Amino acid sequence: MAGMRPWPRDTVVLGCDYNPEQWPEHVLDEDIALMAECGVGFVSLGIFSWALLEPTPDGYEFDWLDRVMDRLGDAGVAVDLATATASPPPWFARLHPDALPVTADGVRLSHGSRQSWCPSSPDYRRRALALVERLAQRYHEHPALAMWHVNNEIGCHNSQCFCETSAAAFRQWLIARHGDLDTLNEAWGTTFWSQRYSDIVDVVPPRATTAGPNPSAVLDWQRFCSDALLEGYLAERDLLHRLSPGVPVTTNFMTMAGIRDMDYWSWAPHQDIVSTDHYLFGGFEDPSIELSFSGDLTRGLAGGAPWILMEHSTSAVNWQQVNLAKAPGQLARNSLTHVARGADAVGFFQWRASEAGSEKYHSALVPHAGSDSRIWREVVDLGASLRAIGEIAGSRVVADVAVVWDWDSRWTTDAPSKPSQAHRYADETLAWCAGLRRAGVTTDFVAAGADLSRYSAVIVPSLHVATPEAVAALTAAVGAGTHVLVTYFSGVVDDRDHVILGGYPGALRDLLGIRIDEFAPLREGETVTLGAPHWEAVDATTATVWTERGRVEDGTEILATFTTGPSAGMAALTRRATAWYVGTRLSADGIDAVLERLLTDAEVSPALAAAPPGAEVVVRRHDDGREYVIVVDHGGLGGDLPISGVDLVSGATDAGGSIHLAPGAVAVVRRS
């Protein structure tokens, strides 16, 4: 068929994973009708269909997929066609048992689930690319094809395989990175515990062993595992680019705070369109904070450009200890929070709730109760809202503050044998993101070492690994007058995970004007008090997790000290020019007080002067100056928004310079 349907770009599009292979063929008619009713504009198709597309080795069957593609194309639904390589068929494990992944304990896992393959397996790679080639050749010209979807949630269940194939690939990766064995020994500090290598064949992955593994080796292993998965993605992407030119290629990231194994800064440049999945985790005190974090991080990976929310849920998921159902209205609030943070497409897993399988209790657009249900009515309403705000598509989020996020620092901070296992990298970052959201300030996420010149303020939570590029970027920012706030356990090691000697915070000592002699972390549940006699908002606030003992250099101002705990009398909060340092996990009140002063000094204003308590406010702007204020009322209080314009969701216009927001609602206001 001639011509291709481009990815929908003229509206904010509703979509979902679509798995028609789970249902009798006559259900397709009902699906097409219901998709029209709620306004579905795209579907991700064929994600877990390898066993149907290749039911026997090299025996391909595409007739069923042809029929679905044709029907979707006739209905005007764009198809994000998956390569189906996420989960091989059962016959793959029988023919290639060595391709099954192995745990750190040496247990070879069986098939019978998903992603049961070793990322370094040549057999998996060969079989996967053969399927991709057939799909690309068959569907490149199909008018419904709008995008290719490589694999699915790559690394979600098989990010690390400790088999001999992976070990050999790891050794090759190490030589490519370090050059020779002497350099590797130096990088890993192998004189400790008699670990020095005389032959590269003795190097193995950090498998289960008698005591703590070599931290430098573990850091390189984390990098290798991310790169091994990326290599597999690139093999599929490159084949698609060659056989299906002009059709964009993506793979769905997982930017939730709990996902830690892929360095997406290295993946993002290889996506034609950045996409992600996000699911609320009920263990967070306020899951909406982590939701906003994920959206901002995804936008950072996209370089500020609009991105695709490939999956989230209409209500409960199925994989947590307790799978909480969403409250009425939460479906829209969650969805439009992603839009506020830069998404131009809102996708769900999945279209219909499954009758069978491990995810049968996972919510869907069409629940088990069918279309006569609250969830379906909210889905229809969401589709109408997305169409109503369609003109926002293509605009970009406005942010004057950046947060530095670094996967190396996360991997090393969260590793064992650290001063405190209670200190977790994502927890520290989320605490400051929560404070920024309470302050009504939107943030971009940037990689360590990125250019910071466009930001008035930068937050740097626990940048444990300090590369020369990262230090230079922070130093340049402070030199230009940007307010840079660094928190504890930053600057401590280099990119080999070697301590930078001479006192903490190592590479950042000169910039911050402090010298820490000793970390003094706190017991679980222990709190300390801060004293700031000249700063009432911080005086007597509390802190947890961490304290430090050290001194300040000339020109560094002590803003607060520890008044109780193991570091009593020592500096807890300092400032040198526009370089701030926080040596503890501040309470929410303490974070709010510090941010209020920092943002005032940096001349950063909230996105909306007076928002309802608990509401989230973000501004998106087109290049031509059209501007939209998005207000998501997580607090459920509602109120009058001091904005002149029209709310694209409700159709309300301002009366006397304000627009009323109903409790728990979302407004997308086009400014006058």
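Tutor: Let's start with a rule: a charge sits over a ring if NZ of Lys or CZ of Arg is within 6 Å of the ring centre and within 35 degrees of the ring normal. Keep in mind that this is a predicted model.

Student: Okay, so the charged end of Arg-597 sits over the ring of which residue?

Tutor: For an Arg, the atom to check is CZ, and it has to be within 6 Å of the ring centre. The charged end of Arg-597 is 4.6 Å from the centre of the ring it covers. That ring belongs to Trp-535.

Student: And how far is the charged end of Arg-352 from the centre of the ring of Trp-23?

Tutor: Here too, the charged end sits over the ring, with Arg-352 above Trp-23. The cut-off is 6 Å. The distance for Arg-352 is 5.7 Å.

Student: Let's turn to ring pairs. Are the rings of Tyr-60 and Phe-62 stacked or edge-to-face?

Tutor: The whole model has 34 aromatic pairs. In this one, the ring centres of Tyr-60 and Phe-62 are 5.9 Å apart, and the planes meet at 5 degrees. Planes under 30 degrees apart count as stacked, so the pair Tyr-60 and Phe-62 is stacked.

Student: What about Trp-265 and Trp-407: stacked or edge-to-face?

Tutor: Their ring centres lie 6.3 Å apart, with the planes at 75 degrees. Over 60 degrees is the cut-off to remember, so Trp-265 and Trp-407 are edge-to-face.

Student: How many residues apart are Trp-265 and Trp-407 in the chain?

Tutor: Trp-265 belongs to helix α9 (residues 264-267), while Trp-407 belongs to helix α13 (residues 407-413). Both residues are buried, and both are in one aromatic cluster that also includes Tyr-233 and Phe-445. The pair links distant parts of the chain, 142 residues apart.

Student: Last one: how far apart are the end C-alpha atoms of helix α6?

Tutor: Helix α6 (residues 164-178) has 15 residues, and at 1.5 Å a residue it should span 21 Å. Its buried residues include Phe-170 and Trp-173, and α7 and α8 are part of what covers the buried ones.

Methods: Residues numbered from 1 in each chain as written. Predicted model: local features only at pLDDT ≥ 70, side-chain atom pairs only at ≥ 80, totals over all residues. Heavy atoms only, no water. Helix = DSSP H or I, 4+ residues; strand = E, 2+ residues; numbered from the N terminus. Expected span 1.5 Å × (residues − 1). Buried < 20%, exposed > 50% of the residue type's maximum accessible area, 1.4 Å probe, protein only. Contact = heavy atoms within 4.5 Å. Phe/Tyr/Trp six-rings, centres within 6.5 Å; stacked < 30°, edge-to-face > 60°.
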